[in-house]
Each structure stands twice: as C-alpha cells, then as structure tokens.
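Thanks, everyone. I'll take a few backbone details and then some helix geometry. Please bring up the model.

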Amino acid sequence: MPKTIHEIRDAIHVFVRLDNHEREVLNSRPFQRLRHIHQLALTYLVYPGATHKRFEHSLGVMELAGRVFDVVTDNATDEIRSLLPELNNPDERGYWRRALRMAALCHDVGHLPFSHAAEKQLLPNGWDHERLTRAIISSDAMKAIWERITPPLRHEDIVRLAVGPKKAGDLTFSDWETILSEIIVGDAFGVDRMDYLLRDSHHAGVAYGKFDHYRLVDTLRILPTAPSGESGGSKEAALGVEEGGIQSAEALMLARYFMYSQVYFHAVRRIYDLHLMDFLREWLADGNFSTDVGQHLRCTDNEVTGALLDAAFDSNKAGHVHARRIVQREHFKVLYERNPDDVKINPEAGAAVFSALGTQFGREHFRHDRYHQSTGPPDFPVRLRDGKIVSSLAVSETLNHVPVVSVDYVFADRSIISKASEWLGAHRAEVVKPKGEADNG
Amino acid sequence: MDRLRRAAVLTRLIEELRRNGSWCGETHVQKATLFLQDLMHVPLEFEFILYKHGPFSFDLRSELTSMRADELVKLEPQRGYGPRIDTTDRIKYIQGLYSKTLDKYDDSISFIARKLGVKGVAELERLATAFYVTANLAVDHSIEERATRLTAVKPHIEREEAIAAMREIDQIIANSKH
C-alpha cells in the first residue's frame with residue numbers, strides 16, 4: 001500500500017511528518033527554492049555553523065503549528081467553545097488544521113535572497129516579503145494544489161494565517177483566524193519564533209536560544225483575555241498558558257533577548273548586511289528586486305553569492321567595492337555605539353553622530369544602523385490553578401524585567417576610523433545634543 | 001512627525017490620561033492614541049487595523065517599546081492586573097525641546113484624556129471599535145446598522161452594548177467639533 005504519511009529527519013524536531021498534500025507543496029517550486037535561502041543571511045561569516053536554510057525552518061514551523069493546534073483545540077473549555085464556534089464542528093476543525101499547517105509551510109516563501117537583509121530598501125514602496133508570500137500562495141500554480149484537496153483550501157485563508165493581521169491589515173480577520181495566525185506569527189507564542197530560536201541557536205553553536213518548548217506547547221491554551229485594570233477586561237479570546245507553563249514562556253522570552261543581543265544584532269553581522277545591501281543596489285537592475293513571482297522564484301542566494309565572488313575580484317563589475325568588503329573581509333568597523341550617557345541626552349544620538357561624521361569626512365566612509373525590538377513583554381492570559389485568569393505580567397516578575405534590545409551603531413571605513421574617532425572624541429557633546437524645534441521649526 | 005516630537009506628544013497623552021484617572025495600560029494608550037490621531041487629527045502617522053480589542057496599531061506598540069528602551073516610559077507592574085505605563089523624569093527634557101508642538105496639541109490631548117480617562121478596557125474596546133466602524137463606512141449609516149457591523153467584527157460584544165457605544169461615539173464626535 002502506498003504511504004500516505006512521510007517522515008523527514010530534522011535537527012530540532014527529530015521527525016517532521018507530512019501527508020501527501022503537504023508533500024505536494026514541499027515539492028513545489030516556491031518551496032524548493034527555500035533550500036537556497038540562508039535563514040540568517042551572512043551570519044555564517046561570523047558564526048560558521050549558521051548555514052541552515054529557510055527550507056528546514058519552514059518544515060519545523062509546520063510541525064510545531066500542528067502540535068499547538070491539537071493542544072489548544074483539545075483543551076478548549078465550554079466558555080471558549082461558545083466564543084469560537086469553529087471548535088465545535090469536526091469538519092471545520094479539520095479544515096482549519098490543514099489550512100494552518102499549509103500556511104506554516106508557506107509562511108516564508110516570499111523571502112528575498114539572504115532573507116531579511118535590506119528588504120525595505122531593495123523592494124519598491126509598499127512591498128515586503130510578506131506581500132510576495134501572499135502573491136505566491138495566491139498564484140495559479142499554488143491555487144491548483146489548494147483546489148485538489150478535499151475539501152479545497154481557500155487561498156485567502158492560507159494567506160491570512162501565514163502573514164497575520166500585522167502584515168495583512170487590508171484583510172478582515174475573525175477572532176478565530178486571529179488566534180490561528182498568532183499560532184504562527186504571534187509575538188508571544190508564534191511557532192515561527194519558537195522554531196527559529198531553537199534552530200538558529202543549534203546551528204550557530206550558541207546555547208542562548210534553547211528553552212523547554214515541549215512543556216510550553218503542552219501548556220498553551222485559548223483563554224479569555226485577562227483583566228487589565230481594576231474595571232475589568234474584555235471577553236475576547238486569546239492564546240495563553242496554564243500556570244504550569246509560565247516558566248517555559250519566560251525562558252522563551254529570555255531566549256529571544258539573548259539571541260537578539262548575542263547573534264542577530266552582533267555588530268559584524270549587521271555591517272555585513274549593510275555591505276550586502278550596498279552591493280545589491282548596484283548589482284540589481286534598477287537597484288530593486290523584482291516583485292514578479294516568476295522573477296522572484298529564479299533568484300536565490302546562489303545567484304547572489306556567484307555575483308559577489310565575481311565582483312569582489314573584478315573592479316569593472318557592478319558593486320565591486322562592496323563585494324570586496326564582504327568577500328575579503330574588509331568590512332567597516334564600529335566607531336560609535338549606543339550608550340546610556342548619550343541616550344539620556346538624545347535617544348537618536350547615532351543618527352546625529354552619523355550625520356556629523358558624514359559632513360566632516362564624507363558620507364561614503366560611514367554606515368548607520370538603528371534597530372530596536374518591536375515588542376516588549378508579552379501580555380497574555382494565564383490560567384491559575386484555581387481557574388482564575390490573570391495577565392502574564394501580573395504573575396511574572398521575569399517577563400516584566402526582560403530588557404528591550406536596541407542598537408544604534410555607526411560603522412566607519414578602516415582607512416578613516418582613527419581620524420574620525422579622534423574628531424568625534426573632541427566634538428561629541430555638541431554633536432549628540434538634539435536640535436529640537438527651536439532650531440528645526 | 002519625527003520620532004522625538006512624537007515621543008513628546010505621546011508622553012503628554014500618557015500624563016493626561018493618568019491625571020484623568022486612567023489605568024493607562026497598553027490598551028488604554030492604544031485607544032486614546034487612535035482618537036487623538038483620527039478624531040482630533042494630530043498627525044502621529046500610526047496605522048490602525050482591527051485586531052486586539054478593536055483598532056490596534058503595531059507601529060504604536062513598536063514606538064512604545066522603543067520609548068521604553070530609551071527610558072522615556074516605564075512599566076509599573078500591578079499585582080493581579082496588567083502593568084500601567086508611566087513616563088520617566090527624562091521626558092521633561094524632550095517635552096521642553098518640543099514645547100511649541102505641545103502647545104499646539106494640548107487642547108486635543110486634554111479632550112481625549114477627559115473623555116477616555118475613566119474608561120476600562122471593555123468600554124474602550126467597544127468605543128474604539130464603534131469609532132473605527134463609523135469612520136470606515138463609506139456612507140452614513142444608522143446607529144442600528146453600525147451596531148450590527150460592530151457585533152459582526154467583535155462577536156463577544158452584545159448588541160445592546162454595541163448600540164450604546166454607537167450613541168456615545170456620535171456624541172464624542174459632535175463634542176470634538178466644538
């Protein structure tokens with residue numbers, strides 16, 4: 001008898017299991033392309049083991065999404081079932097489980113070569129990888145797959161769950177769809193994050209990203225929102241945890257903090273991203289990646305790496321200077337970074353320093369990199385052992401005190417860094433001082 | 001609006017909400033900012049979509065996180081409830097740099113803080129969703145029609161509550177014009 005379930009060995013989840021329809025997606029061109037997109041862009045130049053790809057990450061996200069769906073739907077209370085009628089119909093539940101796993105599988109198909117590197121600067125206005133993901137899921141080739149399934153999957157449903165409300169503000173989400181999309185891309189318990197922390201940590205060779213995801217997944221529940229303020233809360237349902245899972249949720253947030261501060265925001269990793277962006281702007285026709293799905297599917301890290309190696313050793317090739325900085329490891333070095341004294345005076349001190357140095361020595365010698373985490377401590381409902389629902393931030397000291405990672409680097413060309421550093425030392429106070437509206441109008 | 005100017009306005013709003021009795025958790029700040037921007041036309045440039053407890057801005061969440069990293073605001077954990085947001089001493093310096101901007105928007109900020117300061121999350125959810133529904137319908141609709149739309153997007157809100165929210169929002173919109 002032919003197999004209907006297929007197993008794939010995985011470094012994090014041991015086995016990832018797929019059915020025939022999921023395997024059809026796996027065999028599709030958009031998904032196979034992910035074998036050639038590094039999960040962490042050029043991070044392997046700093047952490048040599050970090051050569052893993054979006055392909056295995058996407059399989060891991062599907063595996064975790066299925067597990068979370070089963071746990072939260074099996075453990076829904078009558079109160080939650082009355083708010084979310086989809087839980088009461090087995091056929092509907094089966095439909096959404098399949099849609100969720102497909103969305104998880106496809107959530108990254110729109111990534112550009114080298115993943116996040118300079119996405120905003122390298123796509124036309126209004127485009128990002130999520131919009132490309134939407135276009136691919138809704139393409140004729142993928143729609144043919146969704147329609148062969150019984151019952152057929154609506155591509156709009158897969159889009160909603162794959163990108164979530166944050167990146168699909170033009171679509172309307174029901175409460176049920178919001179919760180399902182949170183299973184994949186949510187700030188608190190999104191399995192996208194769970195998988196990338198575990199996987200990036202494993203491949204980079206650092207322990208920071210590990211946490212007890214088995215315990216966390218087992219304790220996830222759909223719960224009513226916890227009261228916020230003494231006048232009570234909303235009845236809206238949200239993803240939360242049983243009291244016994246709070247420590248594993250804390251560990252997830254600490255893992256995120258450490259991975260951001262140690263790996264994702266590592267200064268040398270960041271400057272390689274900027275050099276890559278500069279290279280791509282010169283190498284790409286019109287300085288942008290194409291938003292045409294066919295063109296997108298033809299371009300992977302392999303084509304870009306080939307061009308980088310070619311340009312690094314040929315001064316006539318577009319992007320030669322930037323390619324050389326990457327390939328020959330002549331990257332810019334940190335001249336200025338965020339520090340508490342300057343932040344006290346001007347939270348945007350890096351921009352002021354970058355601007356002043358550019359005026360003094362020429363802008364081409366410097367690069368500025370400003371980024372901060374976009375979410376703080378997650379406020380999710382926790383069900384205590386006595387059945388009471390409270391906010392995670394009311395029961396966890398740890399969650400309240402996880403720092404926000406924020407970087408503000410100015411990098412300088414090695415040929416000028418000493419001189420620039422000396423000048424900045426002499427002029428720092430006046431450079432950092434914010435202008436305000438007295439000077440700006 | 002540049003980031004520091006916006007921080008000056010947001011922190012003034014937080015101060016006024018608290019002065020008017022608000023719990024001032026994230027939801028309170030989210031909904032008050034929606035009204036300040038879309039009802040009072042203060043150009044904060046946040047994008048709101050229907051999400052948690054009605055209209056919600058991921059950009060604003062990101063801005064509040066960034067302001068926390070810069071120690072312009074802080075979280076005050078509360079036993080049994082979600083945390084309250086408060087400003088820090090550091091904000092006086094930033095507000096001082098943008099005193100002309102604050103003078104320009106102080107009346108709008110005070111109006112919103114007076115109207116919303118005493119309201120809890122459930123009331124704010126109803127009111128902000130009522131405002132969002134009203135503002136996003138192409139033509140004028142009756143209170144009943146808009147209440148039907150509100151309960152369609154937030155099914156856990158009762159119809160009577162939706163109708164009451166629509167009445168109140170019409171009143172707030174009318175008052176904002178005086």
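Pro151(A) sits in the loop between helix H8 (140-148) and helix H9 (155-167) of chain A. This is a predicted model, so keep that in mind throughout. The peptide bond from Thr150(A) into Pro151(A) is cis. Its omega is near -15°. As background, most peptide bonds are trans, and most residues other than glycine have a negative phi.

That brings me to phi, in chain B. Cys24(B) is not a glycine, yet its phi is positive, about 65°. Where is Cys24(B) placed? In the loop between helix H1 (3-19) and helix H2 (26-38) of chain B. Is Cys24(B) buried or exposed? Buried, because 25 other C-beta atoms lie within 10 Å, and the cut-off for buried is 20 or more.

Now Glu45(B). Again a residue other than glycine, again a positive phi, near 65°. Glu45(B) lies in the loop between H2 and strand S1 (49-51) of chain B. Glu45(B) has 10 other C-beta atoms within 10 Å, so it is exposed. The cut-off there is 12 or fewer.

Next, a helix pair in chain A. Two packed helices are described by the angle between their axes and the distance between the axes. Take helix H3 (residues 54-74) and helix H5 (residues 90-106) of chain A. Their axes come within 7 Å and cross at roughly 155°. That makes H3(A) roughly antiparallel to H5(A), because angles over 145 degrees count that way. The crossing of H3(A) and H5(A) is right-handed.

Who meets whom? From H3(A), we have Ser58(A), Val61(A), Met62(A), Ala65(A), Gly66(A), Phe69(A) and Thr73(A). From H5(A), we have Arg93(A), Arg97(A), Leu100(A), Arg101(A), Ala104(A) and Leu105(A). By type, the contact of H3(A) with H5(A) has seven nonpolar, three polar and three charged residues. Remember that residues three or four places apart point the same way, because an α-helix has 3.6 residues a turn.

Last stop: helix H19 (residues 349-361) of chain A. A quick check on its length. At 1.5 Å a residue, its 13 residues should span 18 Å. The end C-alpha atoms are 18 Å apart, so the two agree.

Which residues of H19(A) are buried? Ala349(A), Gly350(A), Ala352(A), Val353(A), Phe354(A), Ala356(A) and Leu357(A). Their cover includes strands S5 (333-337), S6 (366-372) and S9 (406-412) of chain A. Helices H18 (340-345) and H22 (417-432) of chain A contribute too. Just after H19(A) comes Gly362(A), with a positive phi of about 105°.

Methods. Residues are numbered from 1 along each chain as its sequence is written. Chains are lettered from A and ligands numbered from 1 in the order in which they are written. This is a predicted model: local features need pLDDT of at least 70, side-chain atom pairs count only at pLDDT 80 or more; totals for chains, interfaces and linings use all residues. Helices (H or I, at least four residues) and strands (E, at least two) are DSSP runs, numbered from the N terminus. The expected span of a helix is 1.5 Å times one less than its number of residues. Two residues are in contact if their C-beta atoms, placed from the backbone, lie within 7 Å. Axes are lines fitted to C-alpha atoms, for helices over the stretch in contact, and angles run from 0 to 180 degrees between N-to-C directions. Angles under 35 degrees count as roughly parallel, over 145 as roughly antiparallel, 65 to 115 as roughly perpendicular and the rest as oblique. A crossing is left-handed if the near helix is turned anticlockwise from the far one by less than a right angle, and right-handed if clockwise. Ala, Val, Leu, Ile, Met, Phe, Trp, Tyr, Cys and Pro count as nonpolar, Asp, Glu, Lys and Arg as charged, and the others, Gly among them, as polar.
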